[in-house]
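Welcome! Please take a moment with the sequence and the model, and then let us walk through them together.

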Amino acid sequence: MKIFKNIDEKFEDIGFKKVKDDQYAATYERYNGKYKYMQVLDIRHKKDGRHIIQSYDKDLFDKKGIGNTGVGLTYYETKLALKKMKQKKWHKRY
């Protein structure tokens, strides 16, 4: 019996499936059945140390074709993303 869950298991508990996890990024996806869209959560490493958390609808682009439409994150989702950054040791300033 496991006492503690790791970050990926906690993401799974709230519906996210891990798609990619390497030294430069972690990507999770979750399908929202109510509104019928695929939410993508990207946690990205940037060389300048200003790493980003980006959440968006995978298939919905804006009218000008510039990029995806953002999807808001809950406090818990943001907290898990920050923990993932810390796990990857991205919390240190470069």
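Let us begin with contacts, meaning heavy atoms within 4.5 Å: among those in the chain between residues at least 6 apart in sequence, 37% join residues at least 24 apart. This is a predicted model, where local features need pLDDT of at least 70, side-chain atom pairs count only at pLDDT 80 or more, and totals for chains, interfaces and linings use all residues. Residues are numbered from 1 along each chain as its sequence is written, and side-chain values use heavy atoms, leaving out hydrogens and water.

Now follow the chain from its start. Its secondary structure consists of two helices and five strands, in the order α-β-β-β-β-β-α. Helices here are DSSP runs of H or I with at least four residues, strands are runs of E with at least two, and both are numbered from the N terminus.

Next, look inside. Of the 94 residues, 31% are buried, that is, under 20% relative accessible area with a 1.4 Å probe, counting protein chains only; exposed is over 50%, and partly exposed lies in between. The largest nonpolar core has 11 residues, including Ile 7, Phe 11, Tyr 28, Leu 41 and Trp 90. Such a core is a set of buried Ala, Val, Leu, Ile, Met, Phe, Trp, Tyr and Cys residues joined through side-chain atoms within 4.5 Å. The largest share of this core, three residues, comes from α2. Leaving aside residues up to four places away in sequence, Phe 11 touches Phe 16, Tyr 28, Leu 41, Glu 77, Leu 80 and Ala 81.

Finally, find Tyr 31 in strand β2. Tyr 31 counts as partly exposed because its relative accessibility is 48%.
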